[in-house]
Amino acid sequence: MRRRHSMPFGAELQPDGALRFRLWAPGARHVDLCLEFASKENMLPMKRDDNGWYILVTDRAKPGTFYRFRIDSDQRVPDPASRYQPNDIHGPSQVIDPTVWEWTDSDWRGRPWEEAVIYELHVGTFTESGRYAGVIQRLDELVDLGITAIELMPLADFPGRRNWGYDGVLPFAPDSCYGRPEELKELVQGAHQRGLMMFLDVVYNHFGPEGNYLPLYAPSFFTDRHRTPWGAAINFDGTDSRTVRDFFIHNALYWLEEYHFDGLRLDAVHAIADDSQPDILQEIAHAVATGPGASRQIHLVLENDNNAAKYLERNSAMRPCAYIAQWNDDIHHALHVMTTGEKSGYYEDYADSPAHYLGRSLAEGFAYQGEPSRFRHGSPRGESCRELPPTAFVSFLQNHDQIGNRAMGERITDLASEEALRTATAILLLAPSPPMLFMGQEWGERQPFLFFCDFGPELADAVTEGRRKEFARFPEFTDAKARTRIPDPNDEQTFTRSCLDWVAARAGKSRVWRQFHKDLLTLRARDIVPRLQGLRAGGSNFDVFDAMALRVHWRLGDDSHLTLLANLAEEPVIALSKPTGRLLYAVPGEPVSVNDRVQLPPWSVSWYWEMSQEDGSD
């Protein structure tokens, strides 16, 4: 099987073998196509239509040809819809024929969302090679662990050889430092052959600060009517916004169709400014549902600091109307406070009663559903999500942001005790919400994951200084000299220190920690996942016994009952009563009965399951 997503822009191979080049450049007076060969350059004028499109069909180019566009007889720019940039963002684009790659996974239809156990990774730091081929070599280990889905951090071409991926400027071109497009397809196919879903993190809220040439020839791609942390907003709702919207809709379809990804995670959508109806998020979801989502299981996930439940709404059959789930920062923040004791920054919103916020996150989804946030100076945060099932929220103890946005990039293993981590992990991996691990978490990786990049000299110093200034409000970094300890994002050693230590992963203690994760995920797959299908809203509740102890109860999709008792404190706590049903799991041991109550040991978790009383079985 051969796959291609046809686009109204960029370089598209025609049935007769010719190539059609199309660029939207309403701000340019004229545009030339520059075909770059080893010994010569062909400059071909392009024809402009009434809508600002420059078009040329030619037989002088073929797959593999390097090309750029020349704007107003001056600046040469890459194709904003380039499928590949062998020489980075400032170099020429290369014509790619996506049908050259022959897929062998035609029977793959994806997996149900209820089965999702997500593993977030950064291709460049996951293995020593830093390439797609290196990830392929580790797929069997992830399957053995119990992972069912891999989420790649963004791949859109970025400046230099090192980047988290959120500074991309050519969203259709997977960065060449990880390999060619065919190698990425081989990774996706290899995952599917092993039963793994593949998700991709995409960035639709901004372009990176280096290599974005769009303002030069398409200034209406952006608007000053809205402002974002990165400056002028992408124009999703003003004059000429139809072309801009189509650009991103096609990008989503491109990754799902041409690369056969099973889902997308849309980064920081709270930073997308769009007053239109339907907004761009709704339009993307509709295009996916009526396109590739009509014939196979595709899952769209959001990151949204606004906790906007409307995008996660379900229909009467409890199927998502648009997005299947959202990353749930609330559960991370509550668990982080309880395991580390940290209470500064946004953690202050969870410090007064962390067990309450954890319980609400587990039972209802968002901990903040319109309540005022101290961190946000009293502004209300979130919307009611009581009509959503637990499967609408992705839970995690770590991710790239929560590690890398710390000054020193410390992982949770450097911040919390082993007892605390064991307790939090047993909650995370057995709760009904789909869990996510960040690469290396399963063996207790201690290498930091720092913020790194590789900007050119015009930006490098400013980025380093800006990064250090971000932390000036923290007591330990108020002094300028202290801030020099914060690693330079552009230093290659900052990147190297962030690479996983696979030697340490094979050490004795790491193997024990990995087996702990594997055992929990095996239990999840056997006893929890089969009961999640049909899970509805409103069947869960929670009680708090202490600032650090709680009970959570869920009615599962088969009408059975799942109950959690947890104490994340260093002292025992008395709970009201012991749940009925079969003990599924307990760490460090089952609670002790005391008269008609039960005592929860320090740092303990107990899971119980029973069939509905109406069923009459246990």
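**Cavities and a central strand**

Searching the whole structure turns up seven cavities of 30 Å³ or more. This is a predicted model, in which local features need pLDDT of at least 70, side-chain atom pairs count only at pLDDT 80 or more, and totals for chains, interfaces and linings use all residues. Residues are numbered from 1 along each chain as its sequence is written, and side-chain values use heavy atoms, with hydrogens and water left out.

A cavity here is a set of points, on a 1 Å grid over the protein atoms alone, where a 1.4 Å probe fits but cannot get out; its lining residues have an atom within 4 Å of a point. Grid points are joined across faces, edges and corners, and a volume is the space filled by probe spheres set on the points.

The largest cavity holds about 150 Å³ of space. It is lined by 18 residues, of which A156, G168, P171, V202 and V203 are the closest to its centre. Strand β14 (197–202) and helix α5 (241–257) each supply at least two residues of this lining, and β14 gives the most, with three. Helices (H or I, at least four residues) and strands (E, at least two) are DSSP runs, numbered from the N terminus. By class, the lining of the largest cavity has 12 nonpolar, four polar and two charged residues. Ala, Val, Leu, Ile, Met, Phe, Trp, Tyr, Cys and Pro count as nonpolar, Asp, Glu, Lys and Arg as charged, and the others, Gly among them, as polar.

The second largest cavity has a volume of about 110 Å³. Of its 15 lining residues, F9, W24, W53, P80 and F247 lie closest to the centre. Two or more residues come from each of β2 (19–24), α4 (214–217) and α5, with β2 giving the most, three. This lining divides into 11 nonpolar, two polar and two charged residues.

Turn now to strand β10 (residues 118–121), which is covered on both faces. In a regular strand the side chains alternate between the two faces of the sheet. In β10, I118 and E120 are on one side, Y119 and L121 on the other, and all are buried (under 20% relative accessible area, 1.4 Å probe, protein chains only).

Strand β10 runs parallel to β11 (residues 149–152), joined by four bridges; strands pair if DSSP finds at least two bridges between them. Within this pair, Y119 stands opposite I150. Strand β10 also pairs in the parallel sense with β23 (residues 435–438), over three bridges, and there E120 stands opposite F438.

Terms used
Buried means under 20% relative accessible area, exposed over 50%, partly exposed in between (1.4 Å probe, protein chains only). On a 1 Å grid over the protein atoms alone, a cavity is a set of points where a 1.4 Å probe fits but cannot get out, and a pocket is an open set with protein on both sides within 12 Å along at least five of seven lines; lining residues have an atom within 4 Å of a point.
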